[in-house]
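Q: I would like to learn how to read a protein model feature by feature. Shall we take the topics in turn?

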Amino acid sequence: MAEEKPLVEISKGLNGLEKIVLRQVRGSSTEVYLHGGHVTSWKNDHGEELLFLSSKAIFKPPKPIRGGIPICFPQFGGHGNLDQHGFARNRVWSIDTDPPPFPTASANKAFVDLILKPSEEDLKIWPHSFEFRLRITLGPGGDLMLTSRIRNTDTKPFSFTFAYHTYFSVSDISEVRVEGLETLDYLDNLKEKERFTEQGDAITFESEVDKIYLSTPTKIAILDHEKKRTFVLRKDGLPDAVVWNPWEKKAKSMVDFGDDEYKHMLCVEAAAVEKAITLKSGEEWKGRLELSAVPSSYRSGQLDPQRVLQG
Ligand code: BG6
């Protein structure tokens, strides 16, 4: 019998948009739209969806997709000519048929390489030439990895901010805890970016949250009590972490988001926001995100967060 191999398929998604499906032999899968270089689905071995995607998400470039993993580049949460989260999530990416070598071995992994280069129109709103290579990998155990490599192909330096704006699917936001950010400083987007220090234990949710945690550890855990599931987020090259839930009022003001959907999602975003990254001509930056979902037998206070975060 032929050995089973991970699969990579190109097919048509919603509105005929091109998507790539990665499948692992044990059953996990992920879907990536060329529109936005956007991961819209990540399922475990049992076929359970791990990412939140709004039932009202609009799949129509250049509108960004609400949910999954939008790529925020060349700015996160800024003003000016650019969309607040940049244009990478609004553009149609290409499959990169000739990526420069990756140092990591790819045996038993399913992956796809995408590339984005600025159009003439993009250069008018952000006058810097770049090559953005994005590798999306599904490991044999169902872990999802995103590696971004951004190269300055211009003659002058440029600076940017960045985020993997990940929307996690959760059973009930009021039952969720985030561990790994306690005692850190953050900028509160709901208070004109004033700086505060997080107090107390793990972070829980009972109202709108929009915070940029600064210089965080590389590992953050999201504990979903009801689902008995813990997401572990590992990041590299991305010092900050944005935590966002729009809650009831803001949810109602978003056309591409259901009124009650805030109860079932949480964004924890690996980011480089506080200090912009500067690349000289010819230089490359790398930012990596690795997501895993592990079953947790969490009963109030019984899961040792240190084990999750250190393991
Ligand atoms: C979050 C920001 O990351 O993204 C919020 O911190 C913002 O301020 C949210 O509202 C959604 O942004 P957008 O552009 O996708 O509606």
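Q: How many disulfides does the structure hold?
A: A disulfide is a covalent bond between the sulfur atoms of two cysteines. Here the criterion is a pair of cysteine sulfur atoms within 2.5 Å. The structure holds 0 disulfides. Cys 72 is in no disulfide, and its nearest cysteine sulfur, that of Cys 267, is 9.2 Å away.

Q: What should I know about the model and its numbering?
A: This is a predicted model, where local features need pLDDT of at least 70 and side-chain atom pairs count only at pLDDT 80 or more, while totals for chains, interfaces and linings use all residues. Residues are numbered from 1 along each chain as its sequence is written, and side-chain values use heavy atoms, leaving out hydrogens and water.

Q: Is Cys 72 buried or exposed?
A: Read the relative accessible area: buried means under 20%, exposed over 50%, partly exposed in between, with a 1.4 Å probe and protein chains only. Cys 72 counts as buried at 0%. Cys 267 is buried too, also at 0%.

Q: What share of the residues in the protein is buried?
A: Buried residues make up 53% of the 311 residues.

Q: How many helices and strands does the protein have?
A: Both are DSSP runs numbered from the N terminus: helices are H or I with at least four residues, strands are E with at least two. The protein has 3 helices and 20 strands. Its radius of gyration, taken over C-alpha atoms, is 19 Å, close to the 19 Å that the globule rule gives for 311 residues, so the protein is as compact as a globular protein of that length. That rule is 2.2 Å times the number of residues to the power 0.38. Along the principal axes, the C-alpha trace spans about 60 × 55 × 35 Å.

Q: What share of the contacts links residues 24 or more positions apart?
A: Contact means heavy atoms within 4.5 Å. Among contacts with a separation of 6 or more, 65% come from residues 24 or more positions apart.

Q: Which residues does Ser 169 touch?
A: Skip residues up to four places away in sequence. Ser 169 then touches Glu 49, Leu 50, Leu 51, Phe 52, Asp 224, Phe 231 and His 264. Ser 169 lies in strand S11, residues 167-169. Ser 169 is buried at 14% relative accessibility.

Q: Where is Asp 224 found, and is Asp 224 buried or exposed?
A: Asp 224 sits in strand S16, residues 219-224. At 1% relative accessibility, Asp 224 is buried. Beyond four places in sequence, its contacts include Ser 169, Val 176 and Arg 229.

Q: What phi does Glu 192 have?
A: Glu 192 has a positive phi of about 50° although it is not a glycine. Glu 192 lies in the loop between strands S13 (185-188) and S14 (194-197), and is exposed at 79%. Trp 247, also not a glycine, has a positive phi of about 60°. Trp 247 lies in helix H2, residues 247-253, and is buried at 17%.
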